[in-house]
Amino acid sequence: MKFIIVTIVLFLFETDFSIAQPGALDISRFGGKPNTNIAQALTSAWTQACASTTAVKIVIPSGTYQMGAVEIKGPCKSPIEIQVGGTIQAPTNPADLKGAEQWLKIGYVNSLTISGSGVFDGQGVTAWKQNDCTKNKNCKMITMNFGFNFINNSIVRDITSKDSKSFHVNVLGCNNLTFDGFKVNAPADSANTDGIHIGRSTDVKVLNTNIATGDDCVSLGDGSRKVTIQNVNCGPGHGISVGSLGRYENEEHVEGLLVKNCTFKGTTNGVRIKTWPDTAIDITVVDMNFEDLTMVDVMNPVIIDQEYCPWNQCTKKNPSKVKISKVSFKNIKGTSKTQEGVILICSGGVPCDGVQITDVDLTFNGAPITAKCANVKPIITGKAPKCAA
């Protein structure tokens, strides 16, 4: 009997100790309760965590919460983890976010972890109806779910971004940032909702991720370097894209991409490089590698488009000045929804160099696909379609 009592006391002691551990900050301590707006609670918890000299975990427990736009930033003194177990809802009316670029904007932090089974629900249906980018090339960007700006040596793990009003994630100026087990969930008609957009960042990894959205699953903007996209399921969406590039004068080179072991289901494109014609900027796109991919009823499985001009918002009078070189498409299998399953339309001013097509085995209605090429002479090996002009 004495042994049992001692065991129970020890168990209670250990349980209380784990709840009260000094490194955990539950947002309830800052007034963050279910069915309330937790913007101020999260901001207050972050302020305390950022000042800590030891590692801290901010906990958002299970439950449903509301949140307005929040911006938190460092530099902080120690690593911080935000563990999310609940569902956090944005205002349905975009105007209630008061013009914020991102709903949750985090900047200038080293060693950040965002984890948990939680959901960030952007409630974007109203915003999608207001999107006029198909008619207005200078359309106003609506609030994105996440902004990661100048974040280093960090990881986003397992959480879900749902129904963002615009891009789900924007990555800018980051170094060694990993998305692992991250999920994006939005319908095919959600306008301008790129899953993860990466710009001017180095060593970004997107791993073991499911992305369903209304625009590119992953897109690389200018200045992206050493990016790995692996074990990603994309669909619905517009595929995985490099670009668009060349539209603005201050753009930077793009270098080093590996897209591997990914599956595309019912997407508009598979893997794509797109640049604007009549560009004012000379930049390069080099060392792009796409391999071990599965296409399931994809409209354009493999495409380089250097005449990218959506909704006729530009002129094709002059060729693109973006130079593309050292690109490989290897071991790509599955089905295309168009006969021209490979389209390589390069610039007439700076033709593509070093393009390799190896074992691209795609079918259209049970027959082998064809390839359309311009201003490129790819090296073709294995089972792959030969170029036609």
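Rings of Phe, Tyr and Trp (its six-membered ring) pair if their centres lie within 6.5 Å; planes under 30 degrees apart count as stacked, over 60 as edge-to-face and the rest as tilted. In this predicted model, local features need pLDDT of at least 70, side-chain atom pairs count only at pLDDT 80 or more, and totals for chains, interfaces and linings use all residues. Residues are numbered from 1 along each chain as its sequence is written, and side-chain values use heavy atoms, with hydrogens and water left out. One aromatic cluster is formed by Trp103, Phe120, Phe146, Phe148, Phe179 and Phe182.

**Confidence**

- The predictor's confidence in each residue is the pLDDT, from 0 to 100.
- On average the protein chain reaches a pLDDT of 92, and 93% of the residues score at least 70.
- Residues 1-21 have pLDDT below 50, and this stretch has zero contacts in the model beyond near neighbours in sequence. Contact here means heavy atoms within 4.5 Å.

**Aromatic pairs**

- A pair of aromatic rings is described by the distance of the centres and the angle of the planes.
- Under the pairing rule, there are eight aromatic pairs.
- One of them joins Phe179 and Phe182: the ring centres are 5.6 Å apart and the planes stand at 55 degrees, so this pair is tilted.
- Phe179 and Phe182 are both buried. Buried means under 20% relative accessible area, exposed over 50%, and partly exposed in between (1.4 Å probe, protein chains only).
- Phe290 and Phe329 make a stacked pair, because their centres are 5.2 Å apart and their planes are at 10 degrees.
- Phe290 lies in strand β23 (residues 284-298) and Phe329 in strand β25 (residues 323-336), so their pairing ties together parts that are 39 residues apart in sequence.
- Helices (H or I, at least four residues) and strands (E, at least two) are DSSP runs, numbered from the N terminus.
- Phe290 and Phe329 are both buried.

**Nonpolar core**

- A nonpolar core is a set of buried Ala, Val, Leu, Ile, Met, Phe, Trp, Tyr and Cys residues joined through side-chain atoms within 4.5 Å.
- The largest such core has 93 residues. Those with the most contacts inside it are Trp46, Phe148, Phe179, Ile229, Phe290, Phe329 and Leu344.
- Helix α2 (residues 39-51) gives the most to this core, with seven residues.
- Leaving out residues up to four places away in sequence, Phe148 touches residues including Ile106, Val169, Leu172, Cys174 and Phe179.

**The annotated position, His238**

- The UniProt annotation "active site", from an unreviewed entry, covers His238. UniProt positions are given in the numbering used here, feature names are shortened, and annotations may be inferred rather than shown by experiment.
- His238 sits in the loop between β18 (225-234) and β19 (240-245).
- With a relative accessible area of 25%, His238 is partly exposed.
- Not counting residues up to four places away in sequence, His238 touches Gly214, Asp215, Asp216, Thr268, Asn269 and Arg272.
- Pro236 also has its place in the loop between β18 and β19.

**Strand β22 and its partners**

- In strand β22 (residues 269-275), seven of the seven residues are buried, so the strand is largely enclosed by the rest of the structure.
- β19 and β22 run parallel and are joined by four bridges. Two strands pair if DSSP finds at least two bridges between them.
- Leu245 has Thr275 in β22 as its bridge partner.
- β22 and strand β24 (residues 300-305) also run parallel, joined by five bridges.
- Asn269 has Asn300 in β24 as its bridge partner.

**Backbone exceptions**

- Most residues other than glycine have a negative phi, and most peptide bonds are trans.
- A cis peptide bond joins Gly235 and Pro236, with omega about 0 degrees.
- Another cis peptide bond links Gly243 and Ser244, with omega about 15 degrees. Ser244 is in strand β19.
- Gln123 has a positive phi, near 45 degrees. Gln123 lies in the loop between β9 (119-121) and α3 (125-130), and is partly exposed at 24% relative accessibility.
- Asn208 has a positive phi, near 50 degrees. Asn208 belongs to strand β16 (residues 202-212), and is partly exposed at 41% relative accessibility.

**Gly31**

- Gly31 lies in the loop between β1 (24-26) and α2.
- Gly31 is partly exposed, with a relative accessible area of 45%.
- Gly31 touches Thr36 and Ala41, not counting residues up to four places away in sequence.
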